[in-house]
Amino acid sequence: MEKKIPFVTKEQLLELDKRFPTPYHLYDERGIRRNAKLVREAFAWNKGFKEYFAVKATPNPTIMDILHEEGCGMDCSSLTELMLCERQGITGPEIMFSSNDTPAEDFALADKLGATINLDDITHIEFLKKNGGIPEKICLRYNPGGELHIGNTCMGHPWDAKYGMTRPQIFQAIRMLQSEGVKQFGLHTLLASNSTDAGYYPTIARMLFKLAVEAHETMGADFFMVNLSGGVGIPYRPQQTPADIEEIADDVHRLYERMIAPTGMQVHIASELGRYMTGPHGCLVATAIHEKHIYKEYIGTDACACDLMRPAMYGSYHHITVMGKEDAPCDHKYDIVGGLCENNDKFAVDRMLPGIDIGDLLVIHDAGAHGLAMGYNYNGKLRCAEVLLQPDGSTRLIRRAETPEDYFATMVWDD
């Protein structure tokens, strides 16, 4: 079996075990900063480029601060994500508010904070007008329908997605917003998740550039932003090739020079990367606490799908390293499971791994995005802690584990 190399050693984990009981999510600050710098430098050709980190991926104030220090804004999709930014002093155009089915109070806070609002539907224009008002700069979310083809790959059918407006609605929305005093527009779309195809961003760029140029030429619409959204993926399996962000940015640059530059518009490129920014730089650390030998071989851990639900929800692959046995032969076939009363509570099915002993530490890779963020409390399970591995090798707690008191705090008890 091919390997992934953890960003932490067994010795470091044994030291951590003295302070933080497993399970916990561990993040690599050095790797996160390196990724943010790589994205920033790849798009440096575009004056005003901004990466708006998708807060939903890893909504932790320390992670947000690290990325903000590296020049990232924040992409929010809910009231509490906006409140989290406000608590961290991140306001104004540093926030991209991309929501759908949006409650009035969310729009009101986005307006108060001066966030760039990304409208998901044409009916939201009147709704926004009543709940915060129409700003002079606004972004519109586009859904092209049909199929999205990149090379020989079909990424799916956008018409099945609940997000965005049709092409006629985009043009109608621009007219309506112009009559409301909007001076500048942005365009946005999200058509895939976890794509490592280098053609994904250029395909979106070509689509949105064409739409912007047509609206500019036919309606006099001035565009300040084209937001390529998120969707750039990571290689969960060790044999997969990572997306080359520099190649992607160069392809977008060539399209920009050919399509946007001749119009004279000063359009800045934006992205809303989440998984790409933090996914590879986080892992779930768990301990093997049980073994079971029936029709299959099972290893039970002290973690469960409440700590990382992607394998249970999507059947997603997450690589697993048995710490201290990196060079041992993978000659045992296991299901690696948690303790939920759900048979899909499995981190791996029929996975070939070294022989696992009770007490072994397992690193479940690529859990730095959509890991703890998707946690829940089924069976009364409590969400685990988050720990940061700092560049100097030291560690600190950045979210404590939940306690039974936390779980009971919202319950109404009859006296």
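Biologist: What do I need to know about the source before we start?

Modeller: This is a predicted model, in which local features need pLDDT of at least 70 and side-chain atom pairs count only at pLDDT 80 or more, while totals for chains, interfaces and linings use all residues. Residues are numbered from 1 along each chain as its sequence is written, and side-chain values use heavy atoms, with hydrogens and water left out.

Biologist: Ok, helices. At what angle do α8 and α9 pack?

Modeller: Helix α8 (residues 200-219) and α9 pack at about 20°, with their axes 9 Å apart. Helices here are DSSP runs of H or I with at least four residues, strands are runs of E with at least two, and both are numbered from the N terminus. Axes are lines fitted to C-alpha atoms, for helices over the stretch in contact, and angles run from 0 to 180 degrees between N-to-C directions.

Biologist: Roughly parallel or oblique, then?

Modeller: α8 and α9 are therefore roughly parallel to each other. Angles under 35 degrees count as roughly parallel, over 145 as roughly antiparallel, 65 to 115 as roughly perpendicular, and the rest as oblique.

Biologist: Which residues in α8 and α9 meet?

Modeller: From α8 there are Y201, P202, A205, R206, F209, K210 and V213, and these meet I248, D251, V252, L255, Y256 and M259 in α9. Contact means heavy atoms within 4.5 Å. By class, this contact has ten nonpolar, no polar and three charged residues. Ala, Val, Leu, Ile, Met, Phe, Trp, Tyr, Cys and Pro count as nonpolar, Asp, Glu, Lys and Arg as charged, and the others, Gly among them, as polar.

Biologist: And α2 against α9, how do they pack?

Modeller: α2 (residues 29-42) and α9 (residues 245-259) pack at an angle of about 25°, with their axes 9 Å apart. α2 and α9 are therefore roughly parallel to each other. L38, V39 and A42 in α2 meet I245, E246 and A249 in α9. The residues of that contact are five nonpolar, no polar and one charged.

Biologist: What about α7 and α8, how do their axes cross?

Modeller: The axes of α7 (residues 167-179) and α8 come within 12 Å and cross at roughly 45°. α7 and α8 are therefore oblique to each other. On the α7 side the contact is made by R167, I170, F171, I174, R175 and Q178, and on the α8 side by L211, E214, A215, T218 and M219. The contact of α7 with α8 divides into six nonpolar, two polar and three charged residues.

Biologist: New topic. How much space lies in the largest pocket?

Modeller: The largest pocket holds about 770 Å³. Of the 27 residues that line the largest pocket, K56, Y163, L190, S193 and H370 are the closest to its centre. Its lining has nine nonpolar, twelve polar and six charged residues.

Biologist: How are you defining pocket and cavity?

Modeller: On a 1 Å grid over the protein atoms alone, a cavity is a set of points where a 1.4 Å probe fits but cannot get out, and a pocket is an open set with protein on both sides within 12 Å along at least five of seven lines; lining residues have an atom within 4 Å of a point. Grid points are joined across faces, edges and corners, and a volume is the space filled by probe spheres set on the points.

Biologist: Which residues are closest to the centre of the second largest pocket?

Modeller: The second largest pocket has a volume of about 360 Å³. Of the 14 residues that line the second largest pocket, L372, R383, R399, R400 and E402 are the closest to its centre. Its lining divides into six nonpolar, no polar and eight charged residues.

Biologist: Last one: where are P23 and N194?

Modeller: P23 is in the loop between α1 (10-16) and β1 (24-28), and the peptide bond from T22 to P23 is cis, with omega near 0°. N194 is in the loop between β9 (184-188) and α8, and its phi is near 60°, a positive value in a residue other than glycine.
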